[in-house]
Amino acid sequence: MILAFRTEADVEAAAAAVAGHLAANRLLGYPTETVYGVGSAPTLPALASLSALKGRPPRKPFLLLVSGRLMAEEWGLAFNASARALSDAFWPGPLTLVLRGGEGRLPDQLRGAEGGIAVRHTSHRGMARLIGSIGIPITSTSANRPGTPPAPGVDGLVALFGAAVESGDLLVLDGGVLGNVPPSTIVDCTTAVPLMIREGAIPRAELRRYAGRLAP
């Protein structure tokens with residue numbers, strides 16, 4: 001249940017297996033532009049399995065990875081002026097935006113306390129292409145246990161979640177060992193005035209440089 005995921009040919013070869021695996025509400029381990037993540041299709045059974053794998057409260061939301069703004073909008077998510085400006089400037093990339101919308105299309109279990117859903121257009125070329133190919137967003141959380149650092153590669157991921165890999169519940173995409181990259185910056189765009197939730201890979205000053213008053 002470990003597939004090579006380093007070249008365009010690897011991505012193309014993995015797509016059908018990943019689509020079938022996610023359709024069965026099973027879980028996926030994969031590289032991103034920041035850290036290795038684990039995720040699923042955005043369904044209630046898959047979210048329950050992902051929470052159990054991570055050992056976190058079922059009501060704590062996960063973010064979504066999309067292949068672009070068009071996919072996010074197709075799933076009902078709304079971009080206000082700040083979200084449009086920030087996504088234009090920094091997507092694809094390590095910027096997560098919390099957006100309103102998605103009612104009737106995405107589970108409410110993905111919503112945070114502010115009522116929004118966290119979304120990122122990943123700049124990992126393989127994952128962006130895979131998500132576009134299978135046509136659904138993939139939930140995402142760092143590949144770790146609560147309070148421990150994320151796994152930098154497949155060996156660490158398997159060490160953490162080996163039982164799920166052995167049982168076939170967790171399919172792993174091997175994109176090599178990742179560098180020590182900060183997590184994504186998170187901006188709440190559910191209101192007219194954006195709010196910085198976490199300053200990560202993209203600093204506040206960089207957001208303001210490109211988005212001006214529409215940045216937090």
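What share of the contacts in the chain with a separation of 6 or more comes from residues 24 or more positions apart? And how many of the seven residues of strand β6 are buried, and with which strands does β6 pair?

Reply: This is a predicted model, in which local features need pLDDT of at least 70 and side-chain atom pairs count only at pLDDT 80 or more, while totals for chains, interfaces and linings use all residues. Residues are numbered from 1 along each chain as its sequence is written, and side-chain values use heavy atoms, with hydrogens and water left out.

Residues 24 or more positions apart supply 65% of the contacts in the chain with a separation of 6 or more, where a contact means heavy atoms within 4.5 Å. Of the 216 residues of the chain, 51% are buried, a word that stands for under 20% relative accessible area, with exposed meaning over 50% and partly exposed the range in between (1.4 Å probe, protein chains only). Along its principal axes, the C-alpha trace spans about 50 × 35 × 35 Å. Seven helices and eleven strands make up the secondary structure, these being DSSP runs numbered from the N terminus (helices: H or I, at least four residues; strands: E, at least two).

Strand β6 covers residues 95–101, and because six of these seven residues are buried, the strand is largely enclosed by the rest of the structure. Its pairings, each of which requires that DSSP find at least two bridges between the strands, can be taken one by one. With strand β5 (residues 77–78), β6 pairs in the antiparallel sense over two bridges, and there A78 has R100 of β6 as its bridge partner.

T185 is found in β10, which spans residues 185–188, and T185 counts as buried because its relative accessible area is 0%. Leaving aside residues up to four places away in sequence, T185 touches P94, L95, T96, M196, R198, E199, G200, A201, I202 and L207. Two members of that list also take part in polar contacts with T185, a term for a pair of N or O atoms within 3.5 Å, of which, within protein, one must be able to donate a hydrogen and the other to accept it, residues adjacent in sequence counting only if both atoms are side-chain atoms. A polar atom of the T185 side chain lies 2.9 Å from the backbone nitrogen of G200, and the side chain of T185 also reaches the backbone nitrogen of A201, at 3.5 Å.
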